[in-house]
Amino acid sequence: MGAPASITVAAFIRSAARRFVRARLHFGHGTHNARDDAVYLVLHALHLHHDALHANRNRRLSAAEHRKLNAMLTRRIRERVPAAYITGEAWLGEYRFYSDSRAIVPRSFIAELLREGLRPWLRHPVRAALDLCTGSGCLAVLLAKAFPDALIDASDLSSDALALARKNVARYSLKRRIHLLRSDLFSALGARCYDLIVSNPPYVKAASMRTLPSEYRHEPRMALAGGRDGLDFVRRILAEAAGHLAPEGLLVCEIGHNRRAVERAFPRLPFVWPETSVGPNHVFVLERGQLLATKVVSSSSKIARLPRGARVGAPRVRRTSRA
């Protein structure tokens, strides 16, 4: 890649991107092409903010910086590790999160919708919210930022993922507002009820799981695999969500490329598909009343219902003691 003393940041990025293309790397963990992946690694290694590239493009790399970056590029190519696992961090908009193989790399189109407070679909104040399948805890943090008066529950079946989420909650000093708990979807939530439920559940089809690029195989399989048609978890969420939503509550769920499959499986549900950076096909929105009107809730569901007169988000009395 040239002598360390003679290469600029811009030249290194161009060379790195060419190496990534030749190596046929796959992207999608916060970046979508070889150049963006190279830029991300360079900015991290040089401790530069993401908007500082232009001002530093003609800066020359030191020998130590060149060695460090070459080592990162070599690992990215040889091991096919997502860049976020190499750097130990990932960005969602302006927010930075710890990232490692205990949870999928932070990424969600729901994050885009939260920047606008889920308007116009969310028409009531949010006092209690749930991030179902929280993984790294990134959406729980974004919920807390978007709705500063809300208390947040964030659940996941993986104890490893929850340990990582705990670090991200602490990073933003949100321990008093975000309650992490281990749960198989709604199973451990008791009678808790929410104004808003968001979820980015496993939704990769079985056939797609067998052909995943190597980068995705570094992520926890349980966080990706959604069964034969990718809808195993979505079906359970749709069947049980109404039992945990307030009367005007809203469900927001990400389903990847499964829009057609979801609409075929639930033809009576009036799904709304908000526009995201890749189009209106990856996230659906439903109100509690719509779930009840179409009788999605299974008659055999054993969800604990909110007692008459109970406060939304109860029980919460121990939250003030959390450091």
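These legends describe close-up views of a predicted model.

Local features are given only where pLDDT is at least 70 and side-chain atom pairs only at pLDDT 80 or more, whereas totals for chains, interfaces and linings use all residues. Residues are numbered from 1 along each chain as its sequence is written, and side-chain values use heavy atoms, with hydrogens and water left out.

**View 1. Helix α1 packed with helix α4.** Helices (H or I, at least four residues) and strands (E, at least two) are DSSP runs, numbered from the N terminus. Helix α1 (residues 9-23) and helix α4 (residues 63-79) pack at about 15°, and their axes are 10 Å apart. Axes are lines fitted to C-alpha atoms, for helices over the stretch in contact, and angles run from 0 to 180 degrees between N-to-C directions. The two helices are therefore roughly parallel; angles under 35 degrees count as roughly parallel, over 145 as roughly antiparallel, 65 to 115 as roughly perpendicular and the rest as oblique. From α1, Phe 12, Ala 16, Arg 19, Phe 20 and Ala 23 take part in the contact (heavy atoms within 4.5 Å). Their counterparts in α4 are His 66, Leu 69, Asn 70, Leu 73, Thr 74, Arg 76 and Ile 77. This set divides into seven nonpolar, three polar and two charged residues. Ala, Val, Leu, Ile, Met, Phe, Trp, Tyr, Cys and Pro count as nonpolar, Asp, Glu, Lys and Arg as charged, and the others, Gly among them, as polar.

**View 2. Helix α2 packed with helix α4.** Helix α2 (residues 34-45) meets α4 at an angle of about 140°, with the axes 10 Å apart. The pair is therefore oblique. Asp 37, Leu 41, Val 42, His 44 and Ala 45 of α2 make the contact with Lys 68, Leu 69, Met 72, Leu 73 and Arg 76 of α4. Six of these residues are nonpolar, one is polar and three are charged.

**View 3. The six-stranded sheet.** The sheet is open and mixed in its pairing, with strand order β5-β4-β3-β6-β7-β8. Strands β5 (178-182) and β8 (283-287) are at the edges with a single partner strand each, so one side of each has no neighbour in the sheet. Ignoring direction, neighbouring strands are turned by 15° against each other on average. Strand β3 (residues 128-132) pairs with β6 (residues 194-199) in the parallel sense over four bridges; two strands pair if DSSP finds at least two bridges between them. Leu 132 has Ser 199 in β6 as its bridge partner. Helix α7 (residues 138-146) packs on the sheet and touches β3, β4 (151-156), β5 and β6, its direction making about 160° with that of β3.

View 4. Eight of the ten residues of β7 (residues 245-254) are buried (under 20% relative accessible area; exposed is over 50%, partly exposed in between; 1.4 Å probe, protein chains only), so the strand is largely enclosed by the rest of the structure. β7 pairs with β6 in the parallel sense over five bridges, and with β8 in the antiparallel sense over five bridges. Ile 197 stands opposite Leu 251 in β7, and Glu 254 stands opposite Val 283 in β8. Leu 250, in β7, is buried with a relative accessible area of 2%. Not counting residues up to four places away in sequence, Leu 250 touches residues including Trp 121, Leu 122, Ile 197 and Val 285.

**View 5. Buried residues of helix α11.** Val 234, Ile 237, Leu 238, Ala 239 and Glu 240 are buried in α11 (residues 232-240). Their cover includes β3, β6, β7, β8 and α13 (288-293).
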